[in-house]
Amino acid sequence: MKFILNILWLVLSGFWLAIGYVIAGIVCCILIITIPFGIASFRIAGYALWPFGRTTVERHDAGAGSAIGNVIWIILAGWWLALGHIVTGLALCVTIIGIPFGIANFKMIPISLMPLGREIVPTDHPFATR
C-alpha cells in the first residue's frame with residue numbers, strides 16, 4: 001500500500017516539491033556558510049519525493065545551534081517551501097482522492113520550516129514514535 005501511495009504522491013506533488021527542495025539546497029550550497037542548510041534541504045527532498053513509510057523525529061542531541069539555524073532557514077528558504085506545501089495541499093484537497101495527499105502536504109509544513117534537529121526514519125523503526 002505504501003508503494004502505491006508513494007507512486008501517486010510522486011505523480012501528484014512529490015516530484016515538484018522535491019525539485020523545490022533541490023533548488024533551495026543548491027542555492028544554499030553555493031554560499032559556503034549555508035552548506036548545512038543545503039544538506040538538510042537535500043535530505044528533505046528525498047523525504048518529499050517518497051514520504052509514505054517514513055516519518056520525522058526530533059534529535060535529542062540537537063542544541064541551540066539547530067534552533068538558531070532554523071531561524072535562519074525560515075528567513076532564507078523555509079517560508080517559500082512551506083508556502084509550496086500549503087498551495088499544493090489546498091489544490092489536492094479540492095478532489096476527494098487528493099485529500100489524503102493534501103493532508104500529507106500539511107504534515108510536511110513543520111519540517112519545511114524547521115529541518116535542523118530532525119531526523120527522517122522509517123515508520124517501522126523502533127524510535128519512530130518518539
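This is a predicted model: local features need pLDDT of at least 70, side-chain atom pairs count only at pLDDT 80 or more; totals for chains, interfaces and linings use all residues.

Guide: Start with Trp 9, Phe 52 and Phe 101, which form one aromatic cluster. Residues are numbered from 1 along each chain as its sequence is written, and side-chain values use heavy atoms, without hydrogens and water.

Visitor: How many aromatic pairs does the structure hold?

Guide: Seven. Rings of Phe, Tyr and Trp (its six-membered ring) pair if their centres lie within 6.5 Å; planes under 30 degrees apart are stacked, over 60 edge-to-face, the rest tilted.

Visitor: Why is the pair of Phe 37 and Trp 73 given its label?

Guide: Check two values. The ring centres of Phe 37 and Trp 73 are 6.3 Å apart, with planes at 40 degrees, so the pair is tilted. It also links distant parts of the chain: Phe 37 sits in helix α2 and Trp 73 in helix α3, 36 residues apart. Helices here are DSSP runs (H or I, at least four residues), strands are E runs of at least two, and both are numbered from the N terminus.

Visitor: Are Phe 37 and Trp 73 buried or exposed?

Guide: Buried means under 20% relative accessible area, exposed over 50%, and partly exposed in between (1.4 Å probe, protein chains only). Phe 37 has 7%, so it is buried. Trp 73 has 0%, so it is buried too.

Visitor: Which residues touch the most other members of the largest nonpolar core?

Guide: Trp 9, Tyr 21, Trp 73 and Met 108 do, in a core of 21 residues. A nonpolar core is a set of buried Ala, Val, Leu, Ile, Met, Phe, Trp, Tyr and Cys residues joined through side-chain atoms within 4.5 Å. Four helices each supply at least two residues: α1 (2–30), α2 (35–49), α3 (64–92) and α4 (99–107). Helix α2 gives the most, with six. In soluble globular proteins, nonpolar side chains tend to be buried together.

Visitor: What is Met 108 in contact with?

Guide: Contact means heavy atoms within 4.5 Å. Leaving aside neighbours within four places in sequence, Met 108 contacts Trp 9, Tyr 47, Ala 48 and His 85.

Visitor: Why is His 85 called buried?

Guide: Its relative accessible area is 0%, so His 85 passes the test. His 85 is in helix α3. Beyond residues up to four places away, it touches partners including Leu 17, Tyr 21, Asn 105 and Ile 109.

Visitor: And Gly 38, buried or exposed?

Guide: Buried, at 0%. Gly 38 lies in helix α2. Residues up to four places away aside, Gly 38 touches Gly 25, Cys 28 and Cys 29.

Visitor: Where is Leu 113?

Guide: In helix α5 (residues 109–113). Leu 113 has 25% relative accessible area, so it is partly exposed. Leu 113 and Trp 79 are 34 residues apart in sequence, yet their C-alpha atoms are 6.3 Å apart.

Visitor: Why do Arg 118 and Glu 58 count as a salt bridge?

Guide: The rule asks for a side-chain nitrogen of Lys or Arg within 4 Å of a carboxyl oxygen of Asp or Glu. In Arg 118 and Glu 58, the closest N and O atoms are 3.7 Å apart. Arg 118 lies in strand β2 (residues 118–122) and Glu 58 in strand β1 (residues 54–58), so the pair ties together parts 60 residues apart in sequence. The count by this rule is one salt bridge. Arg 118 is partly exposed at 22%, while Glu 58 is exposed at 53%.

Visitor: What volume does the largest pocket have?

Guide: About 200 Å³. It has 13 lining residues, and the closest to its centre are Tyr 47, Pro 51, Arg 54, Ala 104 and Lys 107. On a 1 Å grid over the protein atoms alone, a pocket is an open set of points where a 1.4 Å probe fits, with protein on both sides within 12 Å along at least five of seven lines; lining residues have an atom within 4 Å of a point.

Visitor: Which element gives the most to that lining?

Guide: Helix α4, with four residues.

Note on methods
Grid points are joined across faces, edges and corners, and a volume is the space filled by probe spheres set on the points.
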